[in-house]
Amino acid sequence: MSKVKVCKTCGVPKRVGRGHLWNADGTMVQRQDHDHRMILFDSDGIDDLFKNIESLIGIPIENIVIESKARATEAYIAHLVKGPKGALARLIGIERVITTIVEQGRLLGYGDIRVTEFSWADAFMYCEITDPYSLPLFCGDLRGALQAIRKLEGQITYEEIGPNKYRIKDFQADDVTAFENRLLPASLPRKPGDIAYHRCPGCNAPLEISGFAWDFDKGTITQKGSGIRYAVFGSAGMQVVLDELEKELGDTIPATIVEAQRMHAAKTMNPRWKDVGQSDIRNWLAVQGLGNLVKLEQKDSGYDVLVQNPAIPLLLVGTMAALFEFITDKKAAVEWSVADDGDLSVSVTEA
Ligand SMILES: [Zn+2]
């Protein structure tokens, strides 16, 4: 992976630092596609979150996660390769496209990914991944990418072949029918904000991004100091997964997701959060592309919080509950609502 170019000033890979825009409204988007929101998110937490949800509801959710992530990735890739770009993809060859997706995944922290066998004619692909950012989300990504190109329902199986190393087979079921491209849910118009970042003069990425270490061989992004693993991925894809869990499993799921994230976030709290101010929290949320914290008001036994343009709101709520408990040493009770315009209101109080 020596060909990865990094910014000489801050050390962040150019395809990350220059390939994304950090906006004053608390969002992070792809430079090539300003509607495609990305987040830099604690990926240690993702599979932990899914495991916590399973333990809380007592039902396996892996298939729902893989299937819904596949649809989200498929919709996104289909959008990317439509029109002239689709013709280009056919011209440069499907294998090149797959390789590009894999290389990009390595850069975004998805793990050490290798395609070991691929046959377009027989419609299958084998790949191996060590330390995936999330095994079910990665399986969904892989299945969705091939579904977008073939426009046929795919299937995924995997086996563990070493410590946190998996061999994944992506193939076409026998009796599948073709489908029209599916769409991601339309994103809400974003509200303007006034967040000012301290930016790298070399690549314009917020300087906090240089607080992460990239390992291109392992395909990992690690927060220096805490050692927490992060990954860069589309927030809509994650939201689709959470929405599908709710649709399939019922309306107690949002509270379960909040609790599952609280359980995870409680494990990652850093003593430095004990004495940070509102502007630090606001800035840190925005650097991760999670939204614009416009209000954090102390009240009798807790806080009222308002976040505009929130990404994956339920995970924000769970994290806020964990933060409250960490700072006050008291059990948190949270109430939240997401308005039609997307604003997330949260009330955190002592339980
Ligand atoms: Zn830079």
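**Basis.** I worked from a predicted model, in which local features need pLDDT of at least 70, side-chain atom pairs count only at pLDDT 80 or more, and totals for chains, interfaces and linings use all residues. Residues are numbered from 1 along each chain as its sequence is written, and side-chain values use heavy atoms, with hydrogens and water left out.

**Helix H2.** I took helices (H or I, at least four residues) and strands (E, at least two) as DSSP runs numbered from the N terminus. The 14 residues of H2 should span 20 Å at 1.5 Å a residue, and the 21 Å between its end C-alpha atoms agrees with this; the expected span is 1.5 Å times one less than the number of residues. I looked up burial next (buried is under 20% relative accessible area, exposed over 50%, partly exposed in between, with a 1.4 Å probe and protein chains only). Buried residues of H2 include Ile46, Leu49, Phe50 and Ile53.

**Helix H8.** H8 (residues 253-268) has 16 residues and reaches 23 Å from first C-alpha to last, close to the expected 22 Å. Among its buried residues I noted Ile253, Ile257, Gln261 and His264. The cover over the buried residues of H8 includes E3, H2, H7, H10 and E13.

**H8 against H10.** I read a packing angle of about 45°, with the axes 7 Å apart; axes are lines fitted to C-alpha atoms, for helices over the stretch in contact, and angles run from 0 to 180 degrees between N-to-C directions. H8 and H10 are therefore oblique to each other (under 35 degrees is roughly parallel, over 145 roughly antiparallel, 65 to 115 roughly perpendicular, the rest oblique). The contact (heavy atoms within 4.5 Å) involves residues including Pro254, Val258 and Arg262 of H8 and Leu314, Thr319 and Glu325 of H10.

**Glycine 111.** I located glycine 111 in the loop between H5 and E4. Its relative accessibility is 0%, so glycine 111 counts as buried. Leaving aside neighbours within four places in sequence, glycine 111 is in contact with residues including Ile129, Asp131, Lys218 and Arg229.

Asparagine 204 has a positive phi of about 75° although it is not a glycine. I placed asparagine 204 in the loop between E7 and E8, where it is partly exposed at 42% relative accessible area. Aspartate 329, also not a glycine, has a positive phi of about 60°. Aspartate 329 lies in the loop between H10 and E13 and counts as exposed at 67% relative accessibility.
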